[in-house]
Amino acid sequence: MLNDTTLAFIGSGTMAEAMIKGILNNGLTDPHRIIASDPRLERGPELEELYGVRSTTDNKEAAQAGDIIVLSVKPQVLPFVLHDLHGLIRPHQLIFSIVAGARTETIARGLRHGAIVRVMPNTPAQMGEGMSVWTSTPEVTEKQIAQAGAILQALGKEIYVEDEDALDMATALSGTGPTYVFLMMEALVEAGVYLGFSRRVARKLVIQTVLGSVLFAEESGKHLAELRNMVTSPGGTSAEAIYQLEKGGLRTIVSKAVWAAYQKSRLLGEMSSKRGHRGTSLLESPGIPTEGLEENE
Ligand SMILES: NC(=O)c1ccc[n+]([C@@H]2O[C@H](COP(=O)([O-])OP(=O)(O)OC[C@H]3O[C@@H](n4cnc5c(N)ncnc54)[C@H](OP(=O)(O)O)[C@@H]3O)[C@@H](O)[C@H]2O)c1
């Protein structure tokens, strides 16, 4: 699928590495067809040694070599990368952005280039079990769509959406989703410790319970409420626990949390679209509240 295609990673951190690993594990291309750019001097040699890919500290060199240019930097770094690469991207090249909150129109304006795929992946991509939601601009060709789909399938599951706004919704649900799951798991482990289990045993019980429940839900294909009813005997322990969870407003608080994450994603997108392509960022301007933004990106 990507045999005659070179991939250039601009930013070679956690997600870029997850993508490189997935692409190579799935045999989509050869390591020498991947070039990873990162300002950290030791990062390139590290990736070269681990995966046999090429590396550089020069974003322009990587971008010029790539047929698919993956933007995998943090959102606050993106304006500088767009400034660096402005006007350098050739018509046949595809921009593949995983930068949270960065809208395709911002990237198109910043690079003066139309063909863009925008993806919201999530952390389990590192295990090949990610959930990616993605969209593309009209300039992206059918071949590039197929290539982008193949890359995302190497990271787990993927869903293509026409409407870019769905990426903000996905950011709140699946992009931020592992946070909710980890917090719930952490709370359960602590509850186990409160009962008297060691942390090690409580962790094992919780992880296997979550893993088993997920597999059961997926394989049975049953409605989640039906699965829950199956383990809730009248007057039993589950019914007692559920009564307390509902009394504590679990569903409402989960819904409010997801809504808040959605609003924050939209706000970050709006702010990044107001950043100038010359590297100026409203995040750095006086009068824009920056507190807490970076931790949430
Ligand atoms: N991690 C996730 O699960 C996840 C999920 C969804 C979306 N995303 C998005 O994916 C993107 C990357 O996230 P990540 O977790 O992989 O972040 P990361 O591990 O911090 O990787 C970003 C890399 O970019 C490098 N970098 C900094 N300035 C650069 C520049 N000017 N040019 C090129 N590279 C530069 C960083 O180097 P230094 O370390 O030296 O700064 C770092 O190695 C973010 O936009 C994030 O929103 C991540």
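This is a predicted model: local features need pLDDT of at least 70, side-chain atom pairs count only at pLDDT 80 or more; totals for chains, interfaces and linings use all residues.
Residues are numbered from 1 along each chain as its sequence is written. Local features need pLDDT of at least 70 and side-chain atom pairs count only at pLDDT 80 or more, while totals for chains, interfaces and linings use all residues; side-chain values use heavy atoms, with hydrogens and water left out.

**View 1. Around the ligand.**
Among the 22 residues around the ligand, those that come nearest are Thr14, Met15, Asp38, Asn59 and Val73 (a residue is near if one of its heavy atoms lies within 4 Å of the molecule). Look for the polar contacts, pairs of N or O atoms within 3.5 Å. The side chain of Asp38 has an N or O atom 2.7 Å from an oxygen atom of the ligand, and the side chain of Asn59 has an N or O atom 2.9 Å from a ligand nitrogen atom. The ligand taken alone exposes 890 Å², and the protein buries 77% of that (accessible areas come from the Shrake-Rupley method with a 1.4 Å probe).

**View 2**
How many aromatic pairs does the structure hold? There are 2, where rings of Phe, Tyr and Trp (its six-membered ring) pair if their centres lie within 6.5 Å, and planes under 30 degrees apart count as stacked, over 60 as edge-to-face and the rest as tilted. Trp134 and Tyr160 make an edge-to-face pair, 4.8 Å centre to centre with 85 degrees between the planes. Because Trp134 lies in strand E7 (residues 130-136) and Tyr160 in strand E8 (residues 156-160), the pair ties together parts 26 residues apart in sequence; strands (E, at least two residues) and helices (H or I, at least four) are DSSP runs, numbered from the N terminus. Trp134 is buried at 3% relative accessibility, whereas Tyr160 is partly exposed at 30% (buried means under 20% relative accessible area, exposed over 50%, partly exposed in between, with a 1.4 Å probe and protein chains only).

**View 3. An aromatic pair within helix H12.**
The ring centres of Trp259 and Tyr262 are 5.4 Å apart and their planes meet at 50 degrees, so this pair is tilted. Both residues belong to helix H12, 3 residues apart, about one turn of the helix. Is Trp259 buried or exposed? Trp259 is exposed, at 53% relative accessible area, while Tyr262 is buried, at 15%.

Note on methods
A polar contact is a pair of N or O atoms within 3.5 Å; within protein, one must be able to donate a hydrogen and the other to accept it, and residues adjacent in sequence count only if both atoms are side-chain atoms.
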